[in-house]
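Look over the chain below before reading on. The notes after it go through the fold topic by topic.

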Amino acid sequence: MDKSMEGGVRNTNNSISNTTVSKLRSSTSNIETAAKEVQKSVMGARATDSARVTKFTRELSGQMVILERLRELAWSGVPPYMRPNVWRLMLGYAPPNSDRREGVLRRKRLEYLDCVAQFYDIPDTDRSDDEINMLRQIAVDCPRTVPDVAFFQQSQVQKSLERVLYTWAIRHPASGYVQGINDLVTPFLVVFLSEYLEGSIDSWSISDISSENISNIEADCYWCLSKLLDGMQDHYTFAQPGIQRLVFKLKELVRRIDEPVSRHMENQGLEFLQFAFRWFNCLLIREIPFHLVTRLWDTYLAEGDALPDFLVYIFASFLLTWSDKLQKLDFQELVMFLQHLPTHNWTYQELEMVLSRAYMWHSMFNSSPSHLSS
């Protein structure tokens with residue numbers, strides 16, 4: 001995290017870490033107060049934009065990027081015009097050595113084009129029945145991807161999504177295409193398109209971009225998606241055991257942090273899988289306004305290999321945003337509420353609050369894993 005906020009967060013963590021779990025249960029309001037203090041610190045870090053830009057510029061301008069320092073900075077948000085480069089670096093797609101970067105990207109983009117020619121640009125007669133069915137499912141899902149954003153309804157955008165998803169699925173037969181992976185391409189697509197299109201996404205038209213640049217954007221999406229999913233392979237294999245494991249951890253964490261909510265949900269017969277499966281499957285893309293997604297993904301990608309476990313803390317913080325409300329709802333109301341969460345008016349402020357609470361709880365519980373074992 002940015003040093004301008006790091007002290008505030010860590011000082012808060014130290015004071016809370018010394019409290020017992022039983023005290024935590026009885027003093028949720030204290031945590032909320034602490035979270036607000038952290039959140040102010042976060043917003044302060046965002047406000048000193050020129051200082052943050054200077055730090056990013058310094059990290060990115062050297063011959064060798066120190067990824068650990070870049071991740072610390074990126075955790076609390078990346079300046080939008082720097083996101084494409086920062087994301088490529090954090091995912092390990094672009095090498096940290098600046099001398100090698102251009103050559104590696106050129107080679108990987110050509111490799112993607114070869115894959116498209118070999119697997120996608122062929123007649124259906126050359127595909128197996130399973131491959132035909134998979135391509136049809138992708139073609140059905142692409143128009144449903146981020147339906148609230150008009151940009152994604154453009155036919156060329158959907159064709160790009162289709163090429164990336166089908167090529168990825170063919171190259172990863174252990175999982176193949178799983179519904180939800182289509183959502184995971186969208187942050188990459190928007191970020192890499194932003195290198196060529198200006199203004200609001202509402203005014204974008206992909207037809208303004210040359211076919212060569214579209215190919216480069218698709219290639220970057222493909223390789224970054226591959227890098228992201230390499231760290232969570234078992235989230236998308238048969239029966240998705242990785243997601244099931246994390247949903248169990250989420251249930252345990254919520255029970256430790258907010259027992260009244262946990263007990264109420266259990267008394268109502270609500271299973272965490274009924275709402276949290278989609279959260280892990282689509283990484284909250286369907287739960288928050290799309291304009292906040294890239295900011296959330298700055299933190300995701302900054303976590304690196306630790307992301308799957310950190311998701312549990314983010315999602316616990318997200319759920320407990322509505323702690324008081326949840327305790328007043330019966331089973332049917334809980335299901336409806338959690339499927340249609342009132343986040344449509346959310347701003348960066350609400351998202352930063354979720355992330356700051358997640359950071360604190362992770363600092364408290366991650367060093368005591370026994371708290372999360374049943």
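What follows is a short briefing on the chain as a whole, on some of its helices and on several single residues.

This is a predicted model, in which local features need pLDDT of at least 70 and side-chain atom pairs count only at pLDDT 80 or more, while totals for chains, interfaces and linings use all residues. Residues are numbered from 1 along each chain as its sequence is written, and side-chain values use heavy atoms, with hydrogens and water left out.

**The chain as a whole**

- The chain has 19 helices and zero strands; helices (H or I, at least four residues) and strands (E, at least two) are DSSP runs, numbered from the N terminus.
- Of the 374 residues, 55% count as buried, where buried means under 20% relative accessible area, exposed means over 50%, and partly exposed lies in between (1.4 Å probe, protein chains only).
- The accessible surface of the chain is about 16,800 Å², and 49% of that surface belongs to carbon and sulfur atoms; these areas come from the Shrake-Rupley method with a 1.4 Å probe, and for residues only the protein chains shown count as cover.
- Among contacts in the chain with a separation of 6 or more, 75% are between residues 24 or more positions apart, a contact being heavy atoms within 4.5 Å.
- The count of disulfides is zero, a disulfide being a pair of cysteine sulfur atoms within 2.5 Å.
- Cys 142 is buried, at 1% relative accessibility, and Cys 282 is buried with a relative accessible area of 1%.

**Helix 8 and helix 9**

- Two packed helices are described by the angle between their axes and the distance between the axes.
- The axes of helix 8 (residues 129–141) and helix 9 (residues 155–171) come within 10 Å and cross at roughly 145 degrees; axes are lines fitted to C-alpha atoms, for helices over the stretch in contact, and angles run from 0 to 180 degrees between N-to-C directions.
- On helix 8 the contact is made by Glu 131, Met 134, Leu 135, Ile 138 and Ala 139, and on helix 9 by Glu 162, Leu 165, Tyr 166, Ala 169 and Ile 170.
- Eight residues of this contact are nonpolar, none is polar and two are charged; Ala, Val, Leu, Ile, Met, Phe, Trp, Tyr, Cys and Pro count as nonpolar, Asp, Glu, Lys and Arg as charged, and the others, Gly among them, as polar.

**Two covered helices**

- Helix 6 (residues 83–90) is largely enclosed by the rest of the structure, because seven of its eight residues are buried.
- Those buried residues of helix 6 are Arg 83, Pro 84, Val 86, Trp 87, Arg 88, Leu 89 and Met 90.
- Their cover includes helix 4 (49–61), helix 5 (67–74), helix 7, helix 10 (181–193), helix 11 (211–230) and helix 15.
- Just after helix 6 comes Gly 92, with a positive phi of about 80 degrees.
- In helix 15 (residues 293–303), eleven of eleven residues are buried, including Arg 295, Trp 297, Asp 298 and Glu 303.
- Gly 304 follows helix 15 and has a positive phi, near 60 degrees.

- Most residues other than glycine have a negative phi.
- Ala 239 is not a glycine, yet has a positive phi of about 70 degrees; Ala 239 lies in the loop between helix 11 and helix 12 and is partly exposed at 48% relative accessibility.
- Leu 284 is another residue other than glycine with a positive phi, near 70 degrees; Leu 284 sits in the loop between helix 14 (273–282) and helix 15 and is buried at 3% relative accessibility.

**Three further residues**

- Lys 108, in helix 7 (residues 98–120), is buried with a relative accessible area of 17%; leaving aside neighbours within four places in sequence, Lys 108 is in contact with Tyr 93 and Trp 223.
- Ser 175, in the loop between helix 9 and helix 10, is buried with a relative accessible area of 17%; not counting residues up to four places away in sequence, Ser 175 touches Trp 168, Tyr 236 and Thr 237.
- Gln 244, in helix 12 (residues 241–257), is partly exposed at 38% relative accessibility; not counting residues up to four places away in sequence, Gln 244 touches Ala 239 and Leu 273.
- Gln 244 and Ala 276 are 32 residues apart in sequence and 9.5 Å apart in space, C-alpha to C-alpha.
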